[in-house]
Amino acid sequence: MTTTTTTISRKFKISIFNLSLIVLFISISLFHFTKSPQNQTLTPKTPPHSQQQPVAARSNYIVRFTDYKKAEHHKEYLEQNTKGKSNGSSSWQWIKRNNAASRFPTDFGVVAIDDEAMNLVIGEFERLKKVKDVTVDSSYQLRNLLGKDEKEHKRIGAFSDGKKRPGKIFTSMSFGESEDNVNQTIEWRRELLSHKSQVTSLFGADALWSKGYTGAKVRMAIFDTGIRSDHPHFRNIKERTNWTNEDTLNDNLGHGTFVAGVIAGEDAECLGFAPDTEIYAFRVFTDAQVSYTSWFLDAFNYAIASNMDVLNLSIGGPDYLDLPFVEKVLELTASNIIMVSAIGNDGPLYGTLNNPADQSDVIGVGGIDYNDHIASFSSRGMSTWEIPHGYGRVKPDVVAYGREIMGSKISTGCKTLSGTSVASPVVAGVVCLLVSVIPESDRKQLLNPASMKQALVEGAAKLSGPNMYEQGAGRVDLLESYEILKSYKPWASIFPSVLDYTDCPYAWPFCQQPLYADAMPVLFNTTILNGMGVIGYIESQPVWHPSNEESNLLSIHFTYSDIIWPWTGFLALHMQIKEEGSQFSGEIEGNVTVKIYSPPGLGETSFQYSTCVLHLKLKVIPTPPRSVRILWDQFHSIKYPPGYIPRDSLDVRNDILDWHGDHLHTNFHIMFNMLRDAGYYIETLGSPLTCFDARHYGTLMLVDLEDEYFEEEIQKLRDDIVNTGLSLVVFGDWYNVDTMVKMRFFDDNTRSWWTPVTGGANVPALNDLLAPFGIAFGDRILNGDFTLNDELIRYASGTNIVKFPSGGYVHSFPFYDSSESGATHSFLSGGKDNADSAVLGLVEVGGSRIAVYGDSNCLDSSHMVTNCYSLLRKILDFTGKNVKDPILFSNSVILKTPLYQDDDQLPSRRTDLNFSTYSAVVGKELICRSDSRFDVWGTKGYGLQVRGRNRRLPGYKAIDLGMGLNSSSDISISKGRKVVDKNKEISSGNKFLGLLYRDDLDAPVVFPSHWLVPVVVAVLGILLLINFWRIRQKRRRRRKGSNSSSRFSNL
């Protein structure tokens, strides 16, 4: 027994000793590897999949200059101004570009910069007067170009299994027809059908051929994968240029050849529109389907220098903030080159327009089939540049046949392809044919991106089924556009030129909901097309001309472009019905006129003037009762770009970005239609929550929101719910810091780690908003199916409710928790986790009502598995009308004791991100924008005791913090909130994450965790060693004492 005890004791001592050594080793390691955040730079780390993406010692950057010079001049300028600096010229190297553009002046250069000196070198460059900016040389990738009748290519997507592939994010281009996978946005693959159609005959091209118009002397630039010089389908290949790092001019993929064939092929089986067009093939993609921004910039510059007439670009992606690319497109169209581009293959989802086709100076083309139905693959509008703080423009501009189109193969013969990248060259071919109609001597005076777009949209045939965000002006009509151009005189116009509420479904979503008094302004964003000149101005304020006395009830405010450049601008209408029209029912009709002028162009002496007319025909109804009026919070939505805003459903592995706008008229458009059919009226708020009068609305809806909240917003919402009877509905989403950290990926374009800015929703911010009512979401990521009211609902990456007041109604179901902590718990419990999670809560607060639900995917049409529209209607019936569904309000789900979790255990904000970069709240001023009621524009809003102008509502009582609430549930309203700086909030968990993932920092964050945690761990390790040493010394003394006693006893 003694021997066994001694053995155990020795093992225990050895364990203590080993533990001490481990703790000491960890502390030394932390001291050694942890850097001070003050000295830390965002140098890229080695990517986790180094076998796929090794990190080089240097990365390429584009340096843009303020003027055009020879490349050697720009190089000398950088060298002379960086000599003797701390970084020196040894940290960077000028990359010589040997291509067709090198003999012309340029406005940019490409430099390789040492990764370790990146920040210093870029900072030094950007301080130079002649340097505009420095950006990474982004990589572009074509996706799924070919059908199976060509060489089989591996299917490529921007994302695979939740991870980003090398290259800039781009959506698919053209594809086959066998699958009908309409909900995938990044990767597509379809089998091609054998149906062969002569697309030129459908547009009547032979009528113009018979008149001698065949595209002669039109310079057509095709930016694609190249073309072979001896291809038998083309009679007029003028020039082939290679802009890639591969030593070939040939097309080895087949996409560039196909596009050229649609435009100018002369084979009888697959005729092009303009066979005499001069083809200039710009090979900007490699055989691996990769390109770089610098290649495009050089090629664009060469197209400008070569005086191209038309340019086709059958590519697109969601990043409209790639400024070097976007601004070069603006410069190109300003140089009077007509650009045609595919709108994208991300349909039938809304808010999926691709850049550059979504730019107003570019002709954006969507696709239809031979039955004049919008093709399922064709991306839908509206443009999302303007939201969440405005309203998008109408796109596409036109649609054309894009399914099963015949075109040329790589070497000989014909094939069919489908996609908007096929519809784009159809329109480009039409444009080439129309350009040849104008005598060559008059082309540059009459034809430009605006006048050609005017001819196309004015001549287009409006389709009977689709709305304006699906078809734009309609199907291209070659012969109608020809008639317009024959007698064209430069003028300015508005597109769309009519907004008619009686024209449904074309005028959707406007025709779906009439106007009424006391509502948020209805925004309609139009495009100004100025065919008179590249630069134009609005002479004076636009004017509303009502057609009768009743039409004076409409009040319109206008916002518009200060400068109309290049060729285009915007005119936005903010429409309200005056208060005296609260009982009016009928139609309002009239015209908006705006005068445009352009200064004299080259060789001209006088200004040109034109008056644009926009016709309005609007439906007006009496103001609906408060109970059926819903206000949708758009202001607190953040989307990609500019930040990595992750998807809401983590089950979607091939589309990891949230880029569809999160607007009622984009990816929530089906929900919008459903609520309108149910008799609800939904308005949009693009300003802070202080900018609406709560007395007019029954329910405020907060769905899938990512931004923070001003303290004034939290205070006002609390007052609105307690005092004015406003009800609140919140649909949250997942939020888990550990999961966000694991979702990061290394981006080879920006040479940096991309980490989610937030989760599916900003749960910490929502919890601040709900804190006065004792409600909070947790950080679990729950997945599974449940049935409620005989309705099967998929809970897809939703969160759980962890705080809720007693007396409320809470529904809980068993789900699988896929969060990091949940996965650990599931593993420890043998893979079983049957505990129910609270996901739906409903409670009455005085005369108001609150409903919270942890998942928004069942409302979002982007990646919806099952919808929960029936549940939403029952929730709104409760919040707006106090109608209680017997199942939702069953006695079995009443909370007798509150759900509770300590505040320090609630989800906390990440401290390793500079959230102000993406936020409209953090570091910003609270102000009501132009999408709020006219009377609070430019103010702080309603009923606030804050600095600055604000609007006090008559009879709007301030809350009595001491008064009791006549509430049916045991809920106490918090009397105040602890003011928290969102940038400085730190939890113990996030401190440690910030320590371990130091490379995620967007900006230096001053906090002591870089030395405090290692010190504490080291001290603990030393104390353990000292304690272990003292124990051993005591035991040795005891052992010596016992040995001497034994010897004495023996004596």
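Modeller: Let's start with strands and helices. Both are DSSP runs numbered from the N terminus: a helix is a run of H or I with at least four residues, and a strand is a run of E with at least two. One more thing before we go on: this is a predicted model, where local features need pLDDT of at least 70 and side-chain atom pairs count only at pLDDT 80 or more, while totals for chains, interfaces and linings use all residues. Residues are numbered from 1 along each chain as its sequence is written, and side-chain values use heavy atoms, with hydrogens and water left out.

Colleague: Okay, where does Gly 364 sit?

Modeller: Gly 364 is in strand S14, residues 363–368.

Colleague: Is Gly 364 buried or exposed, and how do you know?

Modeller: We look at relative accessible area, worked out with a 1.4 Å probe and protein chains only: buried is under 20%, exposed is over 50%, and partly exposed is in between. Gly 364 has 0%, so it counts as buried.

Colleague: What makes Cys 270 and Cys 414 a disulfide?

Modeller: A disulfide is a pair of cysteine sulfur atoms within 2.5 Å. The sulfurs of Cys 270 and Cys 414 are 2.0 Å apart, so the pair passes. The torsion about their S-S bond is about -65 degrees, so this disulfide is left-handed. The bond links distant parts of the chain, 144 residues apart: Cys 270 is in the loop between helix H6 (255–264) and strand S10 (278–283), and Cys 414 is in strand S17 (residues 414–417).

Colleague: Why are both of those cysteines called buried?

Modeller: Just put the values against the cut-off. Cys 270 has a relative accessible area of 1%, so it is buried, and Cys 414, at 10%, is buried too.

Colleague: How do you know that Cys 691 and Cys 928 are joined?

Modeller: Their sulfurs are 2.0 Å apart, so that pair also meets the disulfide rule. With -95 degrees about the S-S bond, the link is left-handed. Cys 691 is in the loop between S28 and strand S29 (699–703), while Cys 928 is in the loop between helix H19 (869–881) and helix H20 (988–996), so the bond ties together parts that are 237 residues apart in sequence. Cys 691 is buried at 0%, and Cys 928 is buried at 3%.

Colleague: And which hand does the link of Cys 858 and Cys 868 have?

Modeller: This link is right-handed, with 60 degrees about the S-S bond. Both cysteines lie in the loop between strand S40 (848–853) and H19, so the pair ties together parts that are 10 residues apart in sequence. The S to S distance is 2.1 Å, so the pair counts as a disulfide. Cys 858 is buried at 0%, and so is Cys 868, also at 0%.

Colleague: How many disulfides are there, and what pattern do they follow?

Modeller: The structure holds 4. Counting bonded cysteines along the chain, the pattern is 1-2, 3-4, 5-8, 6-7.

Colleague: Now H2. Why do its buried residues count as lining one face?

Modeller: His 74, Tyr 77, Leu 78 and Thr 82 are the buried ones in H2. Seen down the helix axis, the buried residues fall within an arc of 110 degrees (the arc of the directions from the axis to the C-beta atoms), so they line one face.

Colleague: What makes the length of H2 close to the expected one?

Modeller: The expected span is 1.5 Å times one less than the number of residues. H2 (residues 71–82) has 12 residues and reaches 17 Å from its first C-alpha to its last, close to the expected 16 Å.

Colleague: Last one: what makes a space a cavity?

Modeller: On a 1 Å grid over the protein atoms alone, it is a set of points where a 1.4 Å probe fits but cannot get out; lining residues have an atom within 4 Å of a point. Points are joined across faces, edges and corners, and the volume is the space filled by probe spheres set on them. There are 9 cavities of 30 Å³ or more.

Methods:
On a 1 Å grid over the protein atoms alone, a cavity is a set of points where a 1.4 Å probe fits but cannot get out, and a pocket is an open set with protein on both sides within 12 Å along at least five of seven lines; lining residues have an atom within 4 Å of a point.
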